[in-house]
Amino acid sequence: MKLAMIGFGQAGGKIVDRFLDYDDRTNSGIVRAAIAVNSAKADLMGLDRIPQENRVLIGQARVKGHGVGADNELGAEIAEEDIDEVQNAIDQIPTHEVDAFLIVAGMGGGTGSGGAPVLAKHLKRIYTIPVYGLGVLPGTDEGGIYTLNAARSFQTFVREVDNLLVFDNDSWRQTGESVEGGYDQINEEIVRRFGILFGAGEVSGNQDVAESVVDSSEIINTLSGGGVSTVGFASEGVELNSGGGLLSRFTGDDSGGDGLDAANTTNRITSLVRKAALGRLTLPCEIEGTERALLVVAGPSEYLNRKGIERGRKWLEEETGSMEVRGGDYPRQEPEVAATILLSGVTNVPRIKRLQQVAIEAQDNMEDIKAESEENLESLVDDGEDELEPLF
Ligand code: GDP
């Protein structure tokens with residue numbers, strides 16, 4: 001499906017930048033327009049691919065291009081004050097060619113954390129197409145203020161969007177990586193998972209005709225009804241052979257008409273579906289109780305076998321208990337078969353409960369420290385015996 005992506009704040013801008021790169025590399029055609037919004041001028045200048053005219057600096061009167069310093073209340077305020085500037089940029093894009101908006105933001109910071117929900121509310125009032133959020137949770141080692149920001153932004157963002165897709169930095173942290181290097185890998189993981197998902201509804205005419213291609217309406221229907229979503233993913237490499245046909249590295253018996261064994265292609269798909277659902281999700285959660293799900297199996301069309309997809313879909317129905325599990329294929333000339341699973345309307349998410357607990361503790365601590373700080377400063381400045389006098 002075709003998206004208008006708006007990256008709010010530094011993380012949001014960088015991720016949208018990376019989506020443009022993914023689009024170029026894979027020809028998936030999902031980014032119809034890309035906009036970056038930030039209160040920090042340097043962050044906007046650091047982007048590579050988003051066109052200059054689509055980079056919107058907000059809050060200049062208040063913070064002079066220096067950012068809001070992880071103050072998400074200020075982030076929300078300046079977004080509200082300067083919403084017209086963002087709207088001016090959106091007015092330049094052909095929204096009639098767009099299936100949905102996707103607002104991307106890191107929820108632990110200030111500008112995106114506060115501004116993204118404000119923009120979602122604004123867009124929902126004006127447009128009839130869905131407004132989705134892609135919210136990134138901070139790592140647990142980032143500290144109290146980031147956790148508190150994320151917990152408050154989460155509550156607000158989920159209420160204002162048609163669906164909030166969540167990616168948890170904490171689950172994807174790699175030890176021994178520099179933060180920047182780590183983000184590079186994490187951002188690649190984000191665009192790969194969400195790129196396949198949204199790309200599935202955007203199969204162009206000259207690509208292989210699949211048995212049951214996922215349509216963008218199926219993505220929209222899976223996301224409709226609101227709530228929180230997570231995405232699972234698993235892939236296995238397959239080889240393109242020199243004759244232009246395809247041979248799997250893992251296929252021993254190639255007795256099928258196209259050189260592939262049907263039982264093997266079926267089994268590969270069902271095992272990938274299990275791995276995707278039971279492996280690392282973008283937001284870790286219990287999959288039982290998921291309201292709606294969508295299974296997308298991507299790969300060279302020879303490997304996309306209807307029986308495998310149908311079995312995988314049935315298995316997902318049993319595991320989630322959902323009556324609304326859609327499934328289909330996404331033919332791509334890439335040397336891998338990949339199962340991507342969108343779990344929409346997840347409610348059993350211990351990670352969010354922990355985030356909220358830590359946020360409440362951080363909030364209490366901050367209030368205590370604030371209450372004590374005046375007293376502490378007074379006792380520091382006071383010489384005890386009133387022997388010293390201030391100058392004036
Ligand atoms: P803002 O510019 O004030 O909106 O704040 P940032 O976007 O810089 O940071 C918000 C949060 O996003 C941080 O606490 C990190 O958890 C996360 N973050 C920052 N940069 C990246 C990035 O490149 N990728 C990912 N996945 N997360 C990031």
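**Helix packing, surface and backbone features of the predicted model**

Helix H5 itself covers residues 83-91, and its buried residues are Ile83, Val86, Gln87, Ala89 and Ile90. Viewed down the axis of H5, these buried residues fall within an arc of 155 degrees, so they line one face of the helix.

Gly225 follows H10 and has a positive phi, near 105 degrees.

Turning to the protein as a whole, the model contains 13 helices and twelve strands. For 392 residues, a compact globule would have a radius of gyration near 21 Å, and the value of 24 Å for the protein agrees with this. The C-alpha trace spans about 100 × 40 × 40 Å along its principal axes. Of the 392 residues, 53% are buried. Contacts also reach across the sequence: among those between residues at least 6 apart, 79% join residues at least 24 apart. The protein exposes about 18,200 Å², and carbon and sulfur atoms supply 46% of that area.

Ile145 belongs to helix H7 (residues 144-160). With a relative accessibility of 34%, Ile145 counts as partly exposed, because partly exposed residues lie between the 20% limit for buried and the 50% limit for exposed.

Two further helix residues fall in the partly exposed class. Ala11 is found in helix H1 (residues 9-26), and its relative accessibility of 31% makes it partly exposed. Ala11 and Ile35 are separated by 24 residues in sequence and by 13 Å in space, C-alpha to C-alpha. Ser271, in helix H11 (residues 262-278), has a relative accessibility of 29% and is likewise counted as partly exposed. Ser271 and Val104 stand 167 residues apart in sequence, with 31 Å between their C-alpha atoms.

Most residues other than glycine have a negative phi. Lys64, though not a glycine, has a positive phi of about 50 degrees. Lys64 is located in the loop between helix H3 (60-63) and H4, and its relative accessible area of 58% makes it exposed. Ala70 is found in the loop between H3 and H4 as well. Phi of Ala70 is near 60 degrees, again a positive value in a residue other than glycine.

Definitions and conventions:
Residues numbered from 1 in each chain as written. Predicted model: local features only at pLDDT ≥ 70, side-chain atom pairs only at ≥ 80, totals over all residues. Heavy atoms only, no water. Buried < 20%, exposed > 50% of the residue type's maximum accessible area, 1.4 Å probe, protein only. Helix = DSSP H or I, 4+ residues; strand = E, 2+ residues; numbered from the N terminus. Arc of directions from axis to C-beta. Rg over C-alpha atoms; globule rule 2.2 N^0.38 Å. Contact = heavy atoms within 4.5 Å. Areas by Shrake-Rupley, 256 points an atom, 1.4 Å probe, with all protein chains shown as cover.
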